[in-house]
Amino acid sequence: MLKNYLKIAWRNLLKNKAHTFINVTGLSVGMAVTMLIGLWIWDELSYDKYFQNYDSLVRVMQHQTFNGERGTQASIPLPLGPKLRDEYTGPSKDFKYVVMSTWTQGHILAFKDKKLNQGGNCIQPEAPEMFTLKMLRGTRAGLKDESSIMLSAKLAKALFGDADPMNQVIKVDNKSIVKVTGVYEDFPRNTSFNDMAFMLPWDFYLANNPWTKGNLNEWGNNSWQIFAQLNAGVYPGKVSAHIKDLKLIALTAAHDKLSLSFKPSLFLHPFSKWHLYSEFKNGVIVGGNIEFVWMFGIIGTFVLLLACINFMNLSTARSEKRAKEVGIRKTLGSLRQQLISQFFSESLLISAVAFVFSIVLVQAALPWFNQVADKQMTILWSNPVFWIIGVGFSIFTGIIAGSYPAFYLSSFQPVKVLKGTFRAGRLASLPRKILVVLQFTVSATLIIGTIVVFRQVQYTKNRPVGYTREGMIQSYQQTPDINKHFEAVKYDLLRSGAVTSVAESGSPVTDIWSDQSGFSWDGMPPGLQPDLNVVRVSPEFGKTVGWQVKEGRDFSKEFLTDSSALIVNEAAVKFMGLKAPVGMRIKWYRDFHIIGVVKDMVMTSPYEPVKPTVFSELSGDYGLTNMRLNPHMGTSEAISKIENVFKQYDPGSPFTYEFTDTTYAKKFANEERTGKLAGFFTALAIFISCLGLFGMASFMAEQRTKEIGVRKVLGASIANLWGLMSKEFVLLVTISLLIATPIAYYFMNKWILGYKYNAGISWWIFVATAVGAIVITLATVSYQSIKAAMANPVKSLRSE
């Protein structure tokens, strides 16, 4: 019986090629979109599951109150690590392992004539075992010696090629000698440590940073990270309650009133929530990437639903053509259940064919999709779960798409059908109209959402940043050799003609690395414990970055007192409540005075208000070099000359740099990625909806052939007939727009309010969407409408 069902189903598909093409194409695209989104969601939900101890790994974090707002940070004081290791670690205690760590950026690793600038972690020796590194060479015990290093497979290949890396000697930052004690498998892209190219021992970090000795008992300096593994049966919430007040108690014992005023509270953030639940507000998790998982999951569901609606609509629209088939089958003894099985077999066959085509589409689209989504996904060919879900998904789609046609068509009465008195009736088209409205409601909502996302990104990109980022580069190459001869380096850079200005700073102009407390001034509100961003700069910084001085003056070497001078931004003036800021005395760790106010510079998130920031001209190693390129010299030539100067003073290090505008552009990566993906899925949703409209218009033109012929004989023009055929679809799309507008406004307004600096939602977005939707509708149905209107009425009326 099943073989017979499939044979008849196949014949029906071949008989109605246009109908089959529209259904298979629509379902294929819908399934492909859903499959791509499914792979993306799988990748997100499996984030960090590469680590075997995934369920028991945690990170120690803390809540603190700054400037009246409760903030959350992963930075932890140095003495907390030994405290947790000594008192809370052991077989019968909370932790199995506790490791201190610090991310180290821009280390020069040299082997013979190869020099690479890489980032990695300095971490305690239990980390490889805790993170269950997959060792390709050596063992997980490779960090016990201070002069050891463990490399990722990619870095080992880059340094040593095909040679054995074990026990090879590497020079770090042109001064420290370390020996390779292990090579571990590269971390997958969907892990929190995917960019960790090496691991150095924690003792190496302490030995090469002697300033840390002064922080061994300093609980107010938060500059490190702590990762830990819980013992079996121990839960993060329970341990969080145990350690919550450890820092508070230590600060009380140290009489550190300033740090106590921030009301620190420690807690554990489970590994399982690092990626998906990483956004905190007022000390509470409010979301993270899980919001994108839900958003794209809903989009995928709706796109597939659109394809299913096409199948339902076209199948029921052709009901009169199959009415006689149903009548004859019932007369010959077919039961309704058998007819339902017949129609389901057709929908399942179409679904199966569409599933095959969808896999082809996904395979073709994956390279582009991975590039846009910043993923490394592949079809899980060898994973049985993928095939179980895929086949089940195909069957489910076939059942959903074929359910309404199967029950509707099998309900026809054979007497009425065979007597020729059966007519679908005016209400028979109502379900189809409802489904078309649903289709375009979804499509219009997606269009509005996509426009809002793109507009928000563009609005923020056009936000005044308070400095000139074009034509500026920044180099993190502040090695001891460069620092020792920096004045000579600067002189040679200017003399080369490659740059017009050079300055040092303690933070890049696209980020802020330090915030400090302990500020006070006359008129400061009682009880306020201000925490301000602090950037150390050399006197030429303002000229180099092109900031705008609103009041007072810039730093200058002509003023010896500038070592005690501060320049503040507008946000700091507002926060501090200063009416006449220039000349104001500020108490920090010593006396300072304000010499100028600069226009707010967007140095952190472009979506957030600029934070109160002070710039100080303090001596010492700054961290990076900012250079304004000569606009009259080609970029490649200028970079070559700059590199020659740096290599003259530091031949052992590769010259590394970043364009400031490129670094700034990376701040929009997530939103741009979301916009591109949403736009891609929206375009496919519109395509599927238009396929359905085209099919419906084709069927309607065929159904009304004689009516059009009569009207044409009676004098109706082509324009009249086009309007007659198109107005019903335009009406349905208009209803869809009326429904979609408030829905889209509600959700997108909620989304955009998450950004403090936002473009809002303008009325023209809805007007543009409405005009666009109606134009697309008319363009889709016009071909069939005009074709029917231009047909020779003699041919259409000949049978009468």
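Select lysine 461 first: with a relative accessibility of 28%, this residue counts as partly exposed (buried means under 20% relative accessible area, exposed over 50%, partly exposed in between, with a 1.4 Å probe and protein chains only). The model is predicted, so local features need pLDDT of at least 70 and side-chain atom pairs count only at pLDDT 80 or more, while totals for chains, interfaces and linings use all residues. Residues are numbered from 1 along each chain as its sequence is written, and side-chain values use heavy atoms, with hydrogens and water left out.

Glutamate 672 belongs to helix H22 (residues 669-703) and lysine 461 to helix H15 (residues 430-461), so the pair ties together parts that are 211 residues apart in sequence. Helices (H or I, at least four residues) and strands (E, at least two) are DSSP runs, numbered from the N terminus. Glutamate 672 is partly exposed, at a relative accessible area of 25%. Across the whole structure, a search finds 21 salt bridges.

Proceed to arginine 140 and glutamate 129, whose side chains form a salt bridge at 3.3 Å, N to O. Arginine 140 is in the loop between strand S6 (135-138) and strand S7 (148-152), whereas glutamate 129 is in helix H4 (residues 127-130), eleven residues apart. Both ends are partly exposed: arginine 140 has a relative accessible area of 24%, and glutamate 129 has 36% relative accessibility.

Then display helix H17 (residues 486-496), which holds both aspartate 492 and arginine 495, three residues apart, or about one turn of the helix. Their salt bridge has its closest N and O atoms 3.5 Å apart.

Finally, centre on serine 507, in the loop between strand S16 (499-505) and strand S17 (515-517). Serine 507 is buried, with a relative accessible area of 1%. Which backbone nitrogen does the side chain of serine 507 reach? That of tryptophan 513, at 3.0 Å. To show the surroundings, select Ile512, Trp513, Ser514, Val535 and Leu624, which serine 507 touches (contact means heavy atoms within 4.5 Å), not counting residues up to four places away in sequence.

Definitions and conventions. Salt bridge = Lys/Arg side-chain N within 4 Å of Asp/Glu carboxyl O. Polar contact = N/O pair within 3.5 Å; in protein donor to acceptor, adjacent residues only side chain to side chain.
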